[in-house]
2 protein chains.
Amino acid sequence: MLLNYEGVIVKMNLIEDKFLRLGAENAPGQETRQNTVNIELRGEKIPGTPVDFSHGDVDAFEPIPGSLDVFVEGFHIGGKQAYTEYRGSKIIREDVARKLSTFTGSSIDDDKNLIITPGTQGALFLAMGSIIARGDKVAIVAPDYFANRKLVEFFDGEVVPIQMEYFNTNTSSGLDLSQLEAAFKSGAKLFLFSNPNNPTGVIYSQEEIRTIAELAQQYGASVIVDQLYSRQLFDGHTFTHLCSQNIMDPENVITIMGPSKTESLSGYRLGVAFGSSRIIDRMEKLQAIVSLRAGGYNQAVLKSWFKEPDGWMAQRIKDHQAIRDDLLGKFNAVEGFKVRPTEAGSYIFPKVPELEVPIVDFVKILRLQAGVTVTPGTEFGSQFTDSFRLNFSQDHKAAVDAINRIIQVVELYRK
Amino acid sequence: MLLNYEGVIVKMNLIEDKFLRLGAENAPGQETRQNTVNIELRGEKIPGTPVDFSHGDVDAFEPIPGSLDVFVEGFHIGGKQAYTEYRGSKIIREDVARKLSTFTGSSIDDDKNLIITPGTQGALFLAMGSIIARGDKVAIVAPDYFANRKLVEFFDGEVVPIQMEYFNTNTSSGLDLSQLEAAFKSGAKLFLFSNPNNPTGVIYSQEEIRTIAELAQQYGASVIVDQLYSRQLFDGHTFTHLCSQNIMDPENVITIMGPSKTESLSGYRLGVAFGSSRIIDRMEKLQAIVSLRAGGYNQAVLKSWFKEPDGWMAQRIKDHQAIRDDLLGKFNAVEGFKVRPTEAGSYIFPKVPELEVPIVDFVKILRLQAGVTVTPGTEFGSQFTDSFRLNFSQDHKAAVDAINRIIQVVELYRK
């Protein structure tokens, strides 16, 4: 009980404060709910096809062919598909566990080590809620996915930021491993990171992954790896799955994946978490009170995942690499922009020239003046006041034109 | 920080304890994961079509005609439907707000007062998580939906049970209103209840609803009403919507509904919460880290809700009332059974004759020996050791046969 002399007041503030910290105004997809009353534009609107870089465009890159057909088949299976176990349909889990075992080079028992969730966001929420107790220190990367910090705070944990100096190298992510060790030493019991990193699109080197695993093992910590974009690798890059390194106690590792990004299945809300049976058990218990299960018919759509038509994935990667190249070329031609080339996934996280407006205002200006939506760097860590993220899984020509407009707007507000 | 001389140990136990209390073994749909090693059967298996009374059978009572078509249309809308605002697609919210305003007799602003969620479970989780702070007292009914207690405990609240003496009356629910007032007096800031009540199927009288609202208003408490089954009323019963009584500050009321039960759309995972704009805002922020949004394409299916073909709902209610009548007749013919007739929804909560085995074992026996799955009363409150719940939205003949088998098994284990 937390009571001061005013009684309930303290508790009221507890929940209000918590939700103040949970602000979603700048989160992708929420931009239309933003307050833009105080935004003043310099000059006229710049015409062009609106582009929403806050997430991928599933009209430009469509869902896996046949995904709707498997959904319809799922519907016609009826009650068995509508009411699955909370961790997901046994038949679907068998199929997914087999496919992910092959992909990751690890051994996944469909009965013990895997849960199907409503999107990878669902997997992340359940995993964090199953590990973090009040007051726990949780190490997260700066920059990394914006929900990570919010999740730690929602579960009353304490964020320990680990810096990633992504501009200092091109052979690794640049994660400060000594900071990570210090975090573990100071009692952090969980390390959460995305690989490839969101928002920079860099891949952790094998050496980094092995060191992360060794440190976690040494200090008895758990690790959650969000590998959402790990199938979309450019320039012949290789990817190291932490779960197959056999360094950590497998009961302390959870890996998260899903078909929402490269495969454009986001509209179905599907994700999976696999690894520790102890944590998966808890996640299922939590799922039982959060939303029961991933949509029953939706689960059937996972049949199309890792079973795309021949050549489909290779073509998709090639198309994305071509867009990336054009966008990087544009940014690199302008003084003051600094970008590390995306190694995997569809994100670019450019550092912008010095501006006369804060990044959060710049992002609103960009949307109002040029019809271009991006996500401010501050969503990924409070110090990223000079960067924004864009998801370049877009119509190629529209994306290039939009970058031209971004550059025009930067010139209008440059210091 | 919660540290004793052993440091982290205290915190480890915190999360382990929390998940021990979150047991889902006896929850509907999880029965196949139960441990039945120690269950001994008296006599042979009793043959018959297996019936799973733990939830409705959407093969016996199929989804609203055309629901799949609207899903497919939603898919073809593409990116706009895949990536909606976290609170759900504006167009769908407009439609649902209009329909629910008419149904409840209240005024729902689609922009401020409504959120689309992954099932009503999702709505319940988000609403509870948006109101309950650590240590808060929360009044819940005994018996009521099994997740209610678990949700309060997950959010570190304190359960204050309010007894419902449902056998003592047939003109109201039998809720002990003096207990409710005592709970508010002792500091409970939230009252959560389902109407019609799950598991008994009784409807709160208008007088009860008005008294609940008056008490909550008097003590400044919030109320969450789960009205999942409020469209399926039998015997000409009327239903009182708390949200349209104009007694409470509307910013302290959240109503939850969804198409998963009567309308058999559970496989799409759709629910809505409406009411307080302050709480809906928080729920959206929480949704942003829980699962982003209800499945985008799935949301489109809400177009078919409250727009069922002419006569479809009336027929569905009639069919259910006929099943209810047969089942009640069966139970009432056996000495020791006691049942209050279901007034709304598809649940029956019979008190069983005294048995020589605990109710949790009896339920396992029933499944193993007779192929009949029901939910033990203890899920709805620890004192209901002599009752079980069944959802009679089943094939009519199979349901009647299954009741015969239940009675046979009761005779084998009767004290």
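Biologist: How many residues of chain A are in contact with chain B, and how many of chain B with chain A?

Modeller: This is a predicted model. In it, 82 residues of chain A are in contact with 81 residues of chain B. The area buried between the two chains is about 6,600 Å², and carbon and sulfur atoms give 62% of that area. A:Tyr83, A:Arg134 and A:Ile289 supply 12% of what chain A buries against chain B, more than any other three residues.

Biologist: How many salt bridges does the rule find across the interface of chain A and chain B?

Modeller: A salt bridge here is a side-chain nitrogen of Lys or Arg within 4 Å of a carboxyl oxygen of Asp or Glu. The rule finds four across the interface of chain A and chain B. One example pairs A:Arg134 with B:Asp156, with 3.4 Å between the closest N and O atoms.

Biologist: Which helices of chain A each supply at least two residues of the side that touches chain B?

Modeller: They are H1 (9-21), H2 (67-77), H3 (79-82), H5 (119-131), H6 (146-154), H9 (277-290) and H10 (296-299) of chain A.

Biologist: Now to a strand inside one chain. Why is strand E3 of chain B said to be largely enclosed by the rest of the structure?

Modeller: Burial is judged residue by residue, and the cut-off is under 20% relative accessible area. E3(B) covers residues 137-142, and six of its six residues are buried, so the strand is largely enclosed. B:Lys137, B:Ala139 and B:Val141 point one way, while B:Val138, B:Ile140 and B:Ala142 point the other way; all of these are buried.

Biologist: Which strands of chain B pair with E3(B) in the parallel sense?

Modeller: Strands of a sheet pair through backbone hydrogen bonds, either parallel or antiparallel. E3(B) runs parallel to E4(B), residues 158-163, and six bridges join the two. E3(B) also pairs in the parallel sense with E5(B), residues 190-194, over three bridges. Follow B:Val138: opposite this residue in E4(B) stands B:Val159, and its bridge partner in E5(B) is B:Leu190.

Biologist: Which helix makes a β-α-β unit with E3(B) and E4(B)?

Modeller: Helix H6(B), residues 146-154, does, and the unit is right-handed.

Biologist: Where in chain B is there antiparallel pairing?

Modeller: An open sheet of three strands has the order E9-E12-E11 in chain B, and its pairing is antiparallel. The edge strands are E9 (347-348) and E11 (375-376), each of which pairs on one side only. Two bridges join E11(B) to E12(B), residues 388-391. B:Thr375 has B:Arg389 as its bridge partner in E12(B).

Methods. Residues numbered from 1 in each chain as written. Chains lettered and ligands numbered in written order. Predicted model: local features only at pLDDT ≥ 70, side-chain atom pairs only at ≥ 80, totals over all residues. Heavy atoms only, no water. Buried < 20%, exposed > 50% of the residue type's maximum accessible area, 1.4 Å probe, protein only. Helix = DSSP H or I, 4+ residues; strand = E, 2+ residues; numbered from the N terminus. Pairing = 2+ DSSP bridges. Right-handed = clockwise from strand over helix to strand, strands pointing away. Contact = heavy atoms within 4.5 Å. Buried area = accessible area lost by both parts, 1.4 Å probe.
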